Amino acid sequence: MDSLTRSLLSCVIKRQGRRLPVGGAFLISLMLFVLLSGCTQPGVSASDLNGHLLVAGSTALQPLATAAASLFQQQHAHVHVAVKGGGSLLGLQSLTNHQVNIGDSDVYADPAVYPDPNLTDHIVAVIPFTMIVGPDVTVKSLTQQEIIDIFSTGAIRNWKLVGGPNLPIVPVVRPVTSGTRATFRKYILGGRDEIGTLLRTDSSQTVRATVAHTPGAIGYLALSVLDSSVKAIAIDGKMATAQNIESGSYAFWGYEHMYTLDDSAPLLTAFLDFMLTPQIQQLALRMSYIPIADMKLAGVGVSGHGNELAHSVVLTSSQEIGRRDENL
Amino acid sequence: VVGSRRVSRNLLLDLPITWRLTLGFLAAALVAVIAAGIIGIQREQSLSRQSDFYQNLLQINTSLNIGNTYLLLMNTKIHDMLIDASVPVPSKETLQADQSAIQGLATRYDAVAANYVQSDLLDQHPDQVSLLDEGGHASLASQQLTLVGSTQRTWRVFRTAQDAALKDILSGSLTDAQSLLRAQVEPTNADALSALHALIQFNQRISSSVRDAASVEEQNQIITTIVAALCAFLVIAFIGWLISKTLVQRLRQLRHVTRAVEQGQLDRRVQVIGHDEIAGVSASVNDMLDTIVGLLEETERQRAALTNAAAHLFSDMRIVSAGDLRVHAPVGDDPIGLLANAFNFTVGRFNHFVLHTQTTIEQLDTLSRQQRKHIEEFNLALDSQVQTPQATSPLSPPSIQATPRTTGPLAGADSAVRSDSQYGGEPAFTVQAQVRRSREQLLQVARESARRLRFLQDINKQVYQSSASVRQLIQSNGSLTPASGRNYEANRSQSLVQEVQALETLLAKLNAEWQQMQDGLIKGLTSVDTMLKVLVSSSVRISDTGPTLSSDAYETVLSSQEFTNFVRSFLQEMYALTQRLIDLNQEMRTSATSFRLNPASEVQRKVTGR
């Protein structure tokens with residue numbers, strides 16, 4: 001009886017001792033397999049971008065685009081981004097001709113002119129424009145009507161009529177490819193044509209130089225290319241500040257568009273996203289652009305203000321319609 | 001380690017194994033269900049979020065496209081209105097209808113835009129923002145705001161220009177209106193359309209972002225699935241480990257204890273923990289071990305007692321084989337005790353037998369001596385009888401002298417008898433009377449001897465029987481004695497048996513002698529009797545005839561001489577036999593006296609008192 005009990009006990013004990021490992025090993029290996037197969041699936045990493053991008057268009061956006069491109073190239077060693085100027089409309093034309101990847105523009109692409117349905121608008125910043133005068137002009141501010149009279153109707157031809165020195169006014173007019181000019185016409189002149197010294201090349205730098213070196217000259221340019229060689233003056237007493245733009249009291253500003261045709265390319269998407277990163281937006285702020293994040297509520301929900309302003313512009317302009325330029 | 005029942009700290013150990021397993025399986029199932037449920041709910045939520053988002057996008061897209069149509073229609077309508085107004089006599093009603101249509105379109109577009117701003121902004125849908133966040137497109141919300149801002153701005157500029165143009169048309173300044181249309185309304189309309197187009201395209205970006213987010217979420221789901229499965233596995237494994245620990249640990253302890261007990265550590269006991277089946281088995285094992293150990297100790301004790309008793313019995317046997325039959329071995333209920341009892345019985349019977357034999361020998365001795373005396377007396381009487389007619393009996397003395405083992409007193413008695421018979425001298429009457437008397441005496445002696453002999457024969461038989469039974473007993477003792485290590489004792493018993501057998505042989509021999517002696521005696525006595533009868537009759541004849549005796553007397557004397565000779569030879573034979581008997585008796589006595597015996601009464605008590 002004793003030996004029987006003993007053998008039974010030893011049998012039970014042996015079975016008991018060898019129970020766990022087989023099933024456990026199987027389950028663990030199964031888990032590992034599932035884990036590994038799960039981990040191998042998401043493999044697309046944004047770190048190894050390569051190729052090159054060609055950016056052309058607005059000279060107003062060019063400084064920001066150039067800075068952003070160099071930063072982007074620093075971050076991605078195999079990427080080359082070339083930024084060229086040429087004007088907003090040139091950028092859009094180059095884009096629709098597939099000559100560039102990104103067309104910078106200060107203005108909207110007219111669906112009638114650029115009917116490509118893939119043409120996609122990426123607003124990367126807000127660019128304030130300002131009226132500039134030469135250092136010899138002491139006038140600090142002009143009303144919108146005075147600007148219309150200077151640029152379009154020709155009613156004001158001497159600075160002394162607007163409280164300045166006795167100096168003939170020389171309006172500097174930009175070529176038709178200029179997005180700044182289009183904005184100026186739409187939002188300040190109410191669609192009127194311009195008169196004055198027509199520049200041959202569309203470049204903010206040329207405008208600045210011309211205004212700086214021509215006595216009694218008046219022009220307009222983006223805040224991003226403004227420097228101390230010229231003087232910025234207010235419109236209706238309002239300077240081109242973010243507050244004034246956001247509140248709607250300053251109308252001479254535009255969105256900086258980066259138009260693309262093919263959003264599916266990862267490099268393109270990455271660059272466009274990069275333009276919206278806080279790094280570039282801060283850079284834009286330093287370069288006198290207004291980050292679009294700061295423009296969140298511009299026009300949204302505060303429709304009354306801007307509407308009235310635009311109304312008044314059109315109402316005043318509609319009474320004195322002079323020469324019309326059919327080029328636009 | 002002496003086991004003790006201990007109250008477990010682990011409550012599981014107080015549950016029966018069945019309950020424990022059921023609880024474990026239920027817990028495992030619960031964990032698995034929770035894991036599966038978490039995965040399923042996450043998946044369901046993700047899918048419903050995506051589908052809601054897509055549905056929302058579809059609606060937004062539709063309304064934005066309608067807005068796009070409104071913008072296009074407004075542009076067309078204002079040109080139509082200008083054409084209507086350009087006719088020589090413009091219909092005021094038509095113009096009014098055109099104006100109200102344009103204003104209606106503008107109102108509807110406003111409604112679409114306001115609706116979009118109010119309800120379709122991503123910022124107003126945190127779940128959508130969170131979904132886009134997962135896809136890494138958090139900036140979309142601010143981009144949307146930017147685009148909406150641009151749409152609003154262009155729309156406002158367009159509407160202002162349009163309103164101005166309308167006013168111009170209605171007031172009749174068609175040239176102004178026309179230039180305004182071309183310079184401002186059309187470009188701003190194009191801007192508004194472009195901005196709206198951007199907004200519509202933005203929806204596409206959102207949808208692709210949602211797709212990204214969905215793939216990210218799927219990835220997350222896979223991770224969640226893996227983590228949940230891993231967690232469930234770990235928890236289930238933990239539960240299994242917990243339960244198996246409650247089983248295996250104590251079973252292992254049980255095994256250790258049983259191993260230890262196997263190897264002889266009989267004082268090891270299982271520590272009983274908890275109240276389940278294993279605890280029960282452990283307690284049972286402890287009880288079983290206790291019982292087994294108790295049995296082992298009992299057996300050991302019994303064996304010691306048996307060995308002790310056997311040693312005692314052995315020493316008793318040695319004493320008995322040394323001849324001292326006064327031994328009384330202690331009696332018990334165990335085999336050795338029973339053996340001792342049988343041994344005692346045997347020894348008692350043997351003692352009894354030896355005593356009996358001694359008594360018989362004594363009696364035989366007495367009888368033999370009496371017989372010898374009688375023979376001597378008879379011889380003497382015969383001598384005296386013979387000397388009366390003749391001077392001497394030439395046969396008698398030498399015949400008696402010839403016996404080598406003639407003792408002193410016998411020889412003396414012989415000579416005394418002879419002298420008596422020499423100095424007698426009696427008449428025939430006296431002779432006759434003497435002869436008659438001697439015949440009577442002889443008859444008496446013969447009868448006595450026959451009786452004695454028969455008695456002896458009986459005793460002999462009895463002795464033989466008792467010796468046979470003794471031998472049987474001893475032999476059975478020998479077989480009762482355990483074979484192992486009892487050889488010496490067996491030898492002892494064997495020697496005892498041999499001795500008894502020798503005694504038996506001796507007795508048989510004695511019996512034969514007795515028989516022989518009896519036969520001889522009867523024959524002798526019969527012939528003596530016949531002779532005496534003849535003598536008596538002849539002597540009667542002599543006494544009757546008186547004077548004519550001489551020749552007859554001579555004959556009588558002659559026959560008497562013959563007779564006397566015959567008697568003498570018989571007597572000699574008898575004497576020799578008696579002497580032989582005495583010798584045998586002596587021999588038996590010496591062999592019997594080597595035993596030291598209990599008194600007969602005690603033997604009786606011992607034998608009967610078993």
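Colleague: Which ring does the charged end of B:R153 sit over?

Modeller: In this predicted model, the charged end of B:R153 sits over the ring of A:Y187, at 3.9 Å from the ring's centre. B:R153 also lies over the face of A:W253, where the distance to the ring centre is 3.5 Å.

Colleague: And aromatic pairs, how many does the structure hold over all chains?

Modeller: There are 13 aromatic pairs over all chains. One of them joins A:F72 and A:F274 in a tilted arrangement, with 5.1 Å centre to centre and 50° between the planes.

Colleague: Where do A:F72 and A:F274 lie?

Modeller: A:F72 belongs to helix 3 (residues 62-75) of chain A and A:F274 to helix 9 (residues 266-275) of chain A, so the pair ties together parts that are 202 residues apart in sequence. A:F72 is buried, with a relative accessible area of 2%, and A:F274 counts as buried at 6%.

Colleague: What about A:F184 and A:Y220, stacked or tilted?

Modeller: Those two are stacked, at 4.1 Å centre to centre and with 20° between the planes. A:F184 is in helix 6 (residues 179-188) of chain A and A:Y220 in strand 8 (residues 217-222) of chain A, 36 residues apart. Both A:F184 and A:Y220 are buried, and they form one aromatic cluster together with A:F129, A:F151 and A:F252.

Colleague: Switching to chain B, is B:L30 buried or exposed?

Modeller: B:L30, which lies in helix 1 (residues 17-86) of chain B, counts as exposed because its relative accessibility is 53%, and the cut-off for exposed is over 50%. With B:I34 and B:I38, B:L30 forms a nonpolar surface patch that has about 290 Å² of accessible area together.

Methods: Residues are numbered from 1 along each chain as its sequence is written. Chains are lettered from A and ligands numbered from 1 in the order in which they are written. This is a predicted model: local features need pLDDT of at least 70, side-chain atom pairs count only at pLDDT 80 or more; totals for chains, interfaces and linings use all residues. Side-chain values use heavy atoms; hydrogens and water are left out. Patches are made of residues with over 30% relative accessible area and no salt bridge: like charges are joined within 9 Å, nonpolar side chains (Val, Leu, Ile, Met, Phe, Trp, Tyr) within 5 Å. Accessible areas come from the Shrake-Rupley method with a 1.4 Å probe; for residues, only the protein chains shown count as cover. A salt bridge is a side-chain nitrogen of Lys or Arg within 4 Å of a carboxyl oxygen of Asp or Glu. Helices (H or I, at least four residues) and strands (E, at least two) are DSSP runs, numbered from the N terminus. Buried means under 20% relative accessible area, exposed over 50%, partly exposed in between (1.4 Å probe, protein chains only). Rings of Phe, Tyr and Trp (its six-membered ring) pair if their centres lie within 6.5 Å; planes under 30 degrees apart count as stacked, over 60 as edge-to-face and the rest as tilted. A charge sits over a ring if NZ of Lys or CZ of Arg is within 6 Å of the ring centre and within 35 degrees of the ring normal.
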